[in-house]
Amino acid sequence: MSLVGARVLRKEDPRLLTGQGTFVDDIQPVGCLHAAFVMSSCAHAELVSIDARAALAMPGVVGVWTAADFLDYPDLPGGLPELERPALARNRVRFAGEPLAVVVAESRYQVADAVAAVEVEYQELDSVTDVTLAAGPDAPLLFEHHGSNVITKVPMLDDLERELERCDQRAHLRLVNQRCAAVPIEASACLADWGVEGLTLWATFQAPHHLRNYLATWLDLPQNLCRVIAPDVGGGFGAKIPWYPELFIAPLLSKWLRRPVKFTQTRSEAMVQMTHGRDQVHDVDVGFDNDGRIKALRFIISQNLGAYPDPTGLGLAVLTSWMAAGCYDIAKVATSFRTVVTNTTPVAAYRGAGRPEAAYSIERMVDLVALRTGLDPAEVRRRNFISPKAFPYKTHNDPVVYDSGDFPQALAECLRLVDYEEVRRRQAATRNDPDAPLIGVGLSCWLEIAGFGPNGSLEGFGHLASWESAQVRIHPDGSAVVFAGSSPHGQGHETTFAQIASDELGIPFDRISVRFGDTATVIQGIGTMGSRGVPTSGSAVKMASVTVLGRAKKIAAHLLEAAEEDLEVLDNAFSVRGTPGKKVSWGDVAWASFQPLRLPEELSAGSLEERLFMESPNFSYPSGAYACVVEIDRRTGRITIDKMVLIDDCGTVINPLLAEGQVHGGVAQGIAQALFEQVVFDPDSGQPQTTNLIDYLVPSAPDLPDYVAGRITTLCPNNPLGAKGIGESGAVGAPAAVVNAVLDALSGFGVEHLDMPVTSEKVWHVLQGGQQ
Amino acid sequence: MSTQEWTKAVTVTVNGRRETREVEHRTLLVHLLREQLRLTGTHIGCDTSNCGACTVILDGAAVKSCTVLAVQAHGHEVTTVEGLSGPFDGLSAVQEGFRQEHGLQCGYCTPGMLMASTALLSEQPDPSPEQVRHALEGNICRCTGYEMIVRSVRWAAEHSDGATP
């Protein structure tokens, strides 16, 4: 009977399958102009001049604007004092691709022609792209007045040197978590229409209210005249939360030109203008005894921020340091981090945002402990796991208290499904057969922090607050509409939230609609990020529905002249238990709810509506155990994933079909990080080398395996659904499983670590070296 | 050069309807479809013909409409996602397969995936999962990790009458 937990097909699909979805570029108002940016061709330079005369003379060109035209407006919001990013580069460009002028023309072809005709003169400066070099004493400075490229620094109180020395053994790795691009298939796009009744901005964005709040302030426009709509959003993965110049400039151009202005980013632009993710360097030391018990962990993080400190970019290393010890009970943990600006595209959230980096490094270190002690990697994990009885588990950082989990059970289930003993047997049997591929099996017992909902958890990233809102309204016919503050980009909120509401209200799924993404209709919202959709926003829907049902029962009891506690909701009606036939339909109750003469005294017309802001007392901690089996061709180094087993613990599952989809997608991005993807800059010139989907290797179908997905369940005590979130899990857990598998396959070749992406070329070099 | 020398009238049969429009010589088929015919189901996801979001069927073959000039389509037949239909409550087997097997999340790559899958099934009505993966090599999805897309196409193969995938 319950829809929560059922494999329900999506409400979203019919429109998206028939071409009736509405993405920003699908909206084309009459008289719409097209805007495009002139991008810096240098990574670091003083701007000498911008000559737009040729562009202005071209057909259809309406105008060209530079930073000088925006001096009445502040820099983009959310930056650190004195380190803000201007809407258009002013005097100085700090990364290749930084917008420095905006051109508007009648058509998208004309505007592209005109952008190419704008001539920019630069005085080039030395650039730096590497985080370690940028933090060094001789590095060229991005912000001279700051005196250093190091922006924030959190030292450790105790470097644990004594504890590390006291252990039987110690090991160190420097692990590079390479820069990745989110690559939502819909790149950035916005359409601004500023008329006499104010501004409407359509934007492909993960947090429309967040944008409305900051945009209205930036424009000095009252919020009642500033409407932001996120229509269908073609993927986000974290890259559609930061402030981009177009979101602020397009509205002003529309105001000045009195016409709608649209900006649609090309992929080549997106690859250098959308924020990137990851790009951390870790120096990790572990101290352990000969029995494999890890006693001390020192975890030092350097975060490459790119050219401007983004509020989320600044916070990534915090999350990494919180999750440094993963699912292990380690007596002494010390973390520190620094964040550093470089002449590269700004870095912000990318699926997992700080947690994949932590999970990867601790899982690599555990495998190194196994290698050094000669123990099986699964056994080392078992010996160090936090006990299932130890929850709530206080970590080395006060705000981080793990909610629940059963790491041994997840690993046992994972080993069972991957048939671990059999893989090990096959591996041993073929190890010395030169005609057989090398076989490797890698484990990743990962844990992340999600369900961003506790007060204070998102404010640090620049958000208004950390709750999520829900509003449940019953129409006079007993159908319902749910307004959700969390605005999705593929997650399926219309379906999962309707499932939750249907269960609580007793109203059929097909009679419930879910609305979001429009600041004019949704009271207030935060956004879809940090795997908070179900735990925070879904819980808000649940509790608002519970309240509405309570009032509906009062009305039903009044109409039936029965006691509330004798009522049950069955088949879209309220019935008196034990008295067959004595019932009133949801439609009748809803109709009566608008008729004061038919209401009990304590209720007034329109009572069947509730809005609430859901906070949670603490985070949720999704976890899991993944295993990857690879085969490596001994001659070419080609890596093939033979099997990928995924055991997730996300607490309560609302819709197993959609949950599995989230896991698959996250794992695909995790495998891609492990094997294929890397944003590359030329170290001398700072020029980006991966500016399209030829050079940046987003995998397609033949590059990825089938997945074997399973589940264990421990409930989250911090929200009424018991849900932990699932959106980022795969991206957190997969990279270590894949890299551990490759290194396991190469265990006879004397290599302890390879940095991602672990390409066939890197493997081939190891195989060559090993054979010499 | 006068405007007329830059433009040309093209007639294309789109989803069974003959449409004549004046286009620039350089106008891409995808822009003719999206901007002049207002068929916005076909999407654009890159500028190097890698992503496949703009895939349509041209005379029976899947093509990337960002790599075909509108003038090249003159006199030819184009099917877009808006032209798909079938017995599954109006949806074709491929569309219904994607719904049944959760072959889409954000939905942006989906029209291209549907058209590439439709073209595949009309040539090869019963492809193996491996064959489906290779046939969709030119279409990138960032949400699903592809397995559910493969399952969707297999669902369609198993539920097609052979004539209208």
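1. P757(A) sits in the loop that runs between α18 (729-745) and α19 (760-771) of chain A. The peptide bond joining M756(A) to P757(A) is cis in this predicted model, with omega at about -5°.

2. P392(A) belongs to the loop between α11 and β16 (393-394) of chain A.

3. Helix α11 also takes part in a helix pair. The axes of α11 (residues 377-384) and α12 (residues 407-418) of chain A come within 10 Å and cross at roughly 165°. Since angles over 145 degrees count as roughly antiparallel, α11(A) is therefore roughly antiparallel to α12(A). The crossing of α11(A) with α12(A) is left-handed. On the α11(A) side the contact is made by A378(A), R381(A) and R382(A), and on the α12(A) side by P408(A), L411(A) and L415(A). By class, four residues of this contact are nonpolar, two are charged and none is polar.

4. Two backbone torsions deserve a check. L160(A), which is not a glycine, has a positive phi near 60°. L160(A) is placed in the loop between β7 (150-154) and α5 (161-166) of chain A, and it is buried because 21 other C-beta atoms lie within 10 Å, the threshold being 20 or more.

5. The other torsion is that of A353(A), again not a glycine, with a positive phi of about 40°. A353(A) lies in the loop between β15 (332-341) and α10 (355-373) of chain A. With 29 other C-beta atoms within 10 Å, A353(A) is buried.

6. Strand β5 (residues 99-105) of chain A has seven of its seven residues buried, so it is largely enclosed by the rest of the structure. β5(A) pairs with β1 (residues 33-39) of chain A in the antiparallel sense over six bridges; in this pairing V102(A) is the bridge partner of F37(A). β5(A) also pairs with β3 (residues 61-66) of chain A, in the antiparallel sense and over five bridges, and here V103(A) is the bridge partner of V64(A).

7. An open sheet in chain A consists of three strands in the order β22-β23-β24, with antiparallel pairing. The edge positions belong to β22 (567-570) and β24 (583-585); each has a single partner strand, so one side of each is left without a neighbour in the sheet. On average, neighbouring strands of this sheet are turned by 20° against each other, direction ignored. β23 (residues 573-576) and β24 of chain A pair over three bridges, and S575(A) stands opposite K583(A) in β24(A).

8. In the contact between the chains, 46 residues of chain B touch 42 residues of chain A. On the chain B side, the elements giving two or more residues are α3 (93-100), α4 (110-123), α5 (129-135) and α6 (147-159). The residues of that side divide into 20 nonpolar, 17 polar and nine charged.

9. F98(B) lies in helix α3 of chain B. F98(B) is buried, with 29 other C-beta atoms within 10 Å. Neighbours within four places in sequence set aside, F98(B) is in contact with L17(A) in the other chain, and with G103(B), L104(B), T110(B), L114(B) and S152(B). The C-alpha atoms of F98(B) and V12(B) are separated by 29 Å, the two residues being 86 residues apart along the chain.

Notes:
Residues numbered from 1 in each chain as written. Chains lettered and ligands numbered in written order. Predicted model: local features only at pLDDT ≥ 70, side-chain atom pairs only at ≥ 80, totals over all residues. Pairing = 2+ DSSP bridges. Helix = DSSP H or I, 4+ residues; strand = E, 2+ residues; numbered from the N terminus. Axes fitted to C-alpha atoms, helices over the stretch in contact; angles between N-to-C directions. Buried ≥ 20, exposed ≤ 12 C-beta atoms within 10 Å, placed from the backbone. Contact = placed C-beta atoms within 7 Å. Nonpolar A, V, L, I, M, F, W, Y, C, P; charged D, E, K, R; others polar. Parallel < 35°, antiparallel > 145°, perpendicular 65-115°, else oblique. Left-handed = near helix turned anticlockwise from the far one by under 90°.
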